[in-house]
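Visitor: Please show me the model. I would like to ask about it piece by piece.

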Amino acid sequence: MSIRRSGRIDETTSLRARFYRESDDFLQGAQWDVDTDEVFWQRIDHFDLPDPARPNHRVALYDVNVTPYESLMLGLFAIFRGPENDICAAEGVPKTMDLELTYSRDGFHFSRPDRTPFLASSRKIGDWNRAYLHACGGLCLVVHDKIFIYFSGFSGLSPRLGSAGSGDTGVGDTGLSRRVMYAGASTGLATLRRDGFASMEAGAAGGTLTTRPVTFNGDRLFVNVRAPQGELRVSVLDENGDAVEGLTAADCAAVSEDSTCVEVKWSSGGELSALAGQPCRLQFHLQSGELFSFWVTNDPNGASYGHMAAGGPGFTNGRDLPSSK
């Protein structure tokens, strides 16, 4: 569980932050002492910059929404860039919040290497997504080759109270303005390529990517790649960094297509199953393309056995299982 409350960042300044509580009993765990039963979890840092329109506003972490996706915890953090409630009420405007991507491998430590908003408030009067963006609890659905991301936005426009920030008389006093601050809620849908959160790219000159040591139990390698005008080949390296006979890039059948699920094969007939349970590295040789993800499985159709966030058509218990294909 987590709760948002003020967290001190120095002797004089407190900001919204997230604190963490873990318990084996949900109901009992929902009651805790802030001094003894919780730990500091998440807040902004010096990489989170204020909105240029409000340079004096202290940026803060507003919402934290996370969900299991494949082998990671995927998150959307709402970064609050102002203004505070009293200013929103006085001006008749909604709060500006952007949603940024984050991920974790243990559910507690999260990384945000890219601070560019994944979904940004438009900041334009009249737009349905002008400000105050919120993610859904499950973050996204996996729908065939796409990810569906539902989120809410607020325009600040109200048929009864006037339009926020437009000078209409309907937002005259503080009470009405505060209501307009939460006016004009809509649900939006953003779509993304499956696994399309990030990719490694190579131009015509080509490039290589070598993983850290990995272990697996399956016997088939699948990739999510976009290289219709290029190619991807894979070499398997043993723990000493030497190419495994029969599983070299020269033996690999080139993948030259745009697919979210395509199997990598070796013309030599080399089998990954011989390396199951042993540390090895995968070395990807890419030319004129993008590599989004890879996984090893024993399913001929490429089921990853991973978590599928809020689920989607055909998935069983929110997982990508063989019966899902």
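Visitor: Which residues does Arg 112 touch, not counting residues up to four places away in sequence?

Guide: This is a predicted model, in which local features need pLDDT of at least 70, side-chain atom pairs count only at pLDDT 80 or more, and totals for chains, interfaces and linings use all residues. Residues are numbered from 1 along each chain as its sequence is written, and side-chain values use heavy atoms, with hydrogens and water left out. Contact means heavy atoms within 4.5 Å. On that basis, Arg 112 touches Arg 43, Ile 44, Asp 48, Phe 77, Ile 79, Glu 100, Leu 101 and Thr 102.

Visitor: Is Arg 112 buried or exposed?

Guide: Arg 112 lies in the loop between strand E7 (110-111) and strand E8 (131-135). Strands (E, at least two residues) are DSSP runs, numbered from the N terminus. Buried means under 20% relative accessible area, exposed over 50%, partly exposed in between (1.4 Å probe, protein chains only). Arg 112 has 10%, so Arg 112 is buried.

Visitor: What is the order of the strands in the open sheet of three strands?

Guide: Two strands pair if DSSP finds at least two bridges between them. Seven bridges join E1 to strand E2 (residues 14-20), and three join E2 to E3. Both pairs run antiparallel. The order is E1-E2-E3.

Visitor: Which are the edge strands?

Guide: An edge strand here pairs on one side only. The edge strands are E1 (2-8) and E3 (39-42).

Visitor: In E3, what is the bridge partner of Phe 19?

Guide: Phe 19 is in E2, where Phe 19 is the bridge partner of Ile 3. Six of the seven residues of E2 are buried. In E3, the partner of Phe 19 is Phe 40.

Visitor: Over which residues is the pLDDT below 50?

Guide: pLDDT is the predictor's confidence in each residue, from 0 to 100. The chain has a mean of 90, and 93% of its residues reach 70 or more. Where pLDDT is low, the predicted coordinates should not be read in detail. The stretch below 50 is residues 164-174.

Notes. Helix = DSSP H or I, 4+ residues; strand = E, 2+ residues; numbered from the N terminus.
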